[in-house]
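Visitor: Could you take me through this protein step by step? I am new to reading structures.

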Amino acid sequence: MRSGGLGLGVRLSGGGCGCVAVCVCVRVCVRVCGNARAAAETAPATNVPDEERALASLQQKAMESFVRRNSYGDICERKDPLNALQVKNGGSKRNALLKWCQQKTAGYSNIDITNFSSSWNDGLALCALLHAYVGEARVPYRRLSPLDKRTNFALAFAAAEAQGIPTTLSVQDMIQQERPDWQQVMAYVTSIYKHFET
């Protein structure tokens, strides 16, 4: 196995009855830097009919396609949903997610998202974000007040849980703090992004 690449081997063998067996062997090795490249190594095909070569070519293309779809970058993107958002919006992952929140909540009253702490302390930002996906029936945003923090958070967490998003924040902690822990809020918002956008 070569270091830092992907190898693809195709071997054809013909049977006495005219059938062809195709053996496809994939070798994977990823460099420390995470880059991967595909290299096809095909055994010499002597006296192989055109149909067999065509079949081998199709098998090779299928394997190359599989390797591209499952490259190191794609796998990392699936593990960290903010990678694609960061590329789209630029800047850090935190700023990219913040920009996404601002875009999703644009036009909602009483919302000014500038950070992952004090901008979320009354529950309205979470309600607006969820309302953008689940609608008025699940989150009656127009009836909410910034003064009723407990109701806002309870409603937001219930709406998220109904969609399968586990609650990682505490209503009590959120209503008691003027500046909630930004990392915990960002992690929860990331789970909302991941659920609806990936």
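Guide: We shall begin with the overall fold and then turn to single residues. Please note that this is a predicted model.

Visitor: How many helices and strands does the protein have?

Guide: The protein contains eight helices and three strands. Along the sequence, they follow the pattern β-β-β-α-α-α-α-α-α-α-α.

Visitor: And what share of the residues is buried?

Guide: Of the 198 residues, 32% count as buried. The protein exposes about 11,500 Å², and carbon and sulfur atoms supply 51% of that area.

Visitor: Let us pick one residue. Where is Asn 152?

Guide: Asn 152 belongs to helix 6, which covers residues 149-162.

Visitor: Is Asn 152 buried or exposed?

Guide: Asn 152 is buried, because its relative accessible area is 0%, and a residue counts as buried under 20%.

Visitor: Which residues does it touch there, leaving out those up to four places away in sequence?

Guide: Asn 152 touches Asp 122, Gly 123, Leu 124, Cys 127, Leu 144, Ser 145 and Pro 146. As for Asp 122, its backbone oxygen lies 2.9 Å from a polar atom of the Asn 152 side chain.

Visitor: You mentioned Cys 127. Is that one buried or exposed?

Guide: Cys 127 is buried, with a relative accessible area of 0%. Cys 101 is also buried, and its value is 0%.

Visitor: New topic: how many disulfides does a search of the whole structure find?

Guide: The search finds zero disulfides. A disulfide is a covalent bond between the sulfur atoms of two cysteines.

Conventions:
Residues are numbered from 1 along each chain as its sequence is written. This is a predicted model: local features need pLDDT of at least 70, side-chain atom pairs count only at pLDDT 80 or more; totals for chains, interfaces and linings use all residues. Side-chain values use heavy atoms; hydrogens and water are left out. Helices (H or I, at least four residues) and strands (E, at least two) are DSSP runs, numbered from the N terminus. Buried means under 20% relative accessible area, exposed over 50%, partly exposed in between (1.4 Å probe, protein chains only). Accessible areas come from the Shrake-Rupley method with a 1.4 Å probe; for residues, only the protein chains shown count as cover. A polar contact is a pair of N or O atoms within 3.5 Å; within protein, one must be able to donate a hydrogen and the other to accept it, and residues adjacent in sequence count only if both atoms are side-chain atoms. Contact means heavy atoms within 4.5 Å. A disulfide is a pair of cysteine sulfur atoms within 2.5 Å.
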